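The sequence and structure are shown first.

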Amino acid sequence: MNEQENTTEKKVSSLQSTTVLAKNKKEIYSVTGNELLGSIPLMTKKEVEAAMNEASLQQKTWAKVEVYKRAQVLHAWADELLKNKEELAVTISKEVGKGISSAQKEVDRTADLIRYTAEEGVRLHGDMMKGDAFPGGTTDKIAMIGREPLGVVLAISPFNYPVNLAASKVAPALITGNAVVFKPATQGSLSGLLMIKALLNTNLPKGVVQAVTGKGSEIGDFLVTHPKVNMISFTGGTATGQAIAEKAKMIPLVLELGGKDPAIVLEDADLDLTAKNIVGGAFSYSGQRCTAIKRVLVQEEVADALTLKIKEQIEALSIGTPEEDADITALIDEQSADFVQSLIDDALSKGASLVTGNKREENLIYPTLLDHVTADMDLAWEEPFGPVLPIIRVKNETEAVELANASEYGLQASIFTKNVEKAMKLGAELEVGSVQLNAKTERGPDHFPFIGVKNSGLGVQGVRRSIESMTRDKVFVLNF
Ligand code: NAP
């Protein structure tokens, strides 16, 4: 065993709150460079069971800790994350192949999110209702409505924001007095475990947060059907989310799933601003974002001019490694790159025209723009989760809305036009959680509600909404 493995093993064992240690391990390599970053335990069902039982036990005590003290733990966690920012950022960058400056921003953003959650959590108040407001009611009844934690929150996060999208579940769960069983994406586990290590360096009582590692395909069903789980907060692919929704019975779910966010470009749009936002929205982190712009629906009158501007900006993107802070880097794995390539090949075989790109070096897909994409091509509908953008020409705004709504997804949409009134009207017709006017689709700021409709999700995130989703009403009726 080399020195690095030894160090990671120590890190991992110090994170395990349960007494049993997994014998099987999985080595985690960097996305580019094939560098061994460490290993994670492939936990058995017995070990997951122990984690669940411990979380459930400790939750009872944690729920009784004063909320201002729980907030202090969260503030201390944010401090710890920032103290370890460089180590975290380098781990994120290598483990999920993200440019180093984006990885640093992810740590900063996470610390801000945790602090905001602490501040919002201490202001969670109940309600009071008088009985005589309802016909036949009486002044002799008063209801006092408080908010209660749900119990054990199972937090399952994806690879692409291994720290931010994990903390956005763990922090609201903790501030409201829930315990957490946290299952990071396997490729992303080292970053997630470092984030939890920072949390365990605070005064958080032992056992309230349990990290469980192992392949979702192996321990996922056991986790989501476990009787001690009282709520599931999941972010990841639509197929995984749907499978979880089918199995988890009678417990609240918040699901943040895939997207096919359209940029609708009307003939009066500012094309420079539009092209800049489309390229930023579609290609940052090589398109591996749920809210990446994944199709352009542009009115024919301005399609040629817009395509040219987008092409110029794509060709100015840097292509390289996360360490070089390149705009476009290798995708998370070979399967993902194969899928993106298959979408490009399918579109080209059916008559789409290549504007730029369609070059591949192992898992690195060069940023690719395809014009004249039509409804019979998979790229018009599938979420590539990679750096390829289809341009779909439309006759008018009605056709744009029809195509936008024909998607199974409904995360966000952008509308580019100088006519704000028209944008509001079109926006009202779009079956999505959020509409962006004259800007790219994106999550955040993190206190905004974040919603996916149709196959893009269930429930609402965003700090306040996440807090609410992890609590329930409890009513005391005073009869006098
Ligand atoms: P994924 O393959 O669905 O994995 C997400 C998480 O689910 C991972 O922790 C994974 O663990 C786990 N998992 C896999 N099978 C499971 C099962 N049967 N039961 C329980 N958990 C299971 O997604 P991903 O590739 O990491 O992320 C990309 C997807 O996430 C894209 O579709 C993207 O749009 C979506 N996403 C959505 C949002 C949003 O806010 N709407 C944000 C980010 C990403 P393993 O890694 O061990 O398999």
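## Basis

The model is predicted, with local features requiring pLDDT of at least 70 and side-chain atom pairs pLDDT 80 or more, while totals for chains, interfaces and linings use all residues. Residues are numbered from 1 along each chain as its sequence is written, and side-chain values use heavy atoms, with hydrogens and water left out.

## Ligand site

The ligand is surrounded by 31 residues, each with a heavy atom within 4 Å of it. Ser157, Thr186, Thr240, Leu257 and Glu383 are the closest. Domain 1 (3–257 + 457–477) and domain 2 (261–447) both contribute to this shell, so the ligand lies between them; the bounds come from an automatic or database domain assignment. Helix α8 (216–224), strand β8 (231–235) and helix α9 (238–247) each provide at least two shell residues, and α8 gives the most, with four. Helices (H or I, at least four residues) and strands (E, at least two) are DSSP runs, numbered from the N terminus.

A polar side-chain atom of Glu383 lies 2.7 Å from a ligand oxygen atom. Backbone N or O atoms of Phe159 and Gly236 each lie 3.2 Å from an oxygen atom of the ligand. The protein covers 84% of the 920 Å² of accessible area that the ligand has on its own (Shrake-Rupley method, 1.4 Å probe).

## Helix α6

Just after α6, Gly177 takes a positive phi of about 85 degrees.

Terms used:
A polar contact is a pair of N or O atoms within 3.5 Å; within protein, one must be able to donate a hydrogen and the other to accept it, and residues adjacent in sequence count only if both atoms are side-chain atoms.
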